[in-house]
Amino acid sequence: MSILKCMDRICGAVLNKIHALSPTGRYVIIDEDEFFDAFPEDSVRSFDELKRSLTLLCREGYIDVKYSRGETYCVAPLKRYEEELPVEEYVESGRGFRVDPVFISAFAGGALGSLIISLIFAFI
């Protein structure tokens, strides 16, 4: 399942922690314990969960991991998570041909201007 459709709580906590420590696009060095402090209270604080969430965030383009050595990670936040809102379907009104009022105004103004110029040249 894509992280864009459903970001779990651990991924969200890790991403928020990275954004709290560094502005977008800037690398920051974070210790594993700092990530574990950001985990939700009832979640398992394990290396595998941290690695899974960092991998998902990196794969989906939310962060960039420059390196990881032991318990230290160099990461940069790339974008914020925004929940997708349901897209409303375009519903046609059922009417046939519809003319834009701006188009009618522009056409009438052009025609009136041409008429005035033609009358000026006719009387000169």
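I take two strands as paired if DSSP finds at least two bridges between them, and helices (H or I, at least four residues) and strands (E, at least two) as DSSP runs numbered from the N terminus.

I note that the model is predicted, that local features need pLDDT of at least 70 and side-chain atom pairs pLDDT 80 or more, whereas totals for chains, interfaces and linings use all residues. Residues are numbered from 1 along each chain as its sequence is written, and side-chain values use heavy atoms, with hydrogens and water left out.

I then traced the whole sheet, which is open, has three strands in the order S1-S3-S2 and shows antiparallel pairing. Its edge strands, each pairing on one side only, are strand S1 (28-31) and strand S2 (63-69). The twist from one strand to the next averages 30 degrees, with axes fitted as lines to C-alpha atoms (for helices over the stretch in contact) and angles running from 0 to 180 degrees between N-to-C directions.

Helix H1 (residues 9-21) touches S1, S2 and S3, and its direction makes about 80 degrees with that of S3. Helix H3 (residues 47-59) touches S2 and S3, and its direction makes about 140 degrees with that of S2.

Finally I recorded the chain as a whole: four helices and three strands, following the pattern α-β-α-α-β-β-α along the sequence.

Conventions: Contact = heavy atoms within 4.5 Å.
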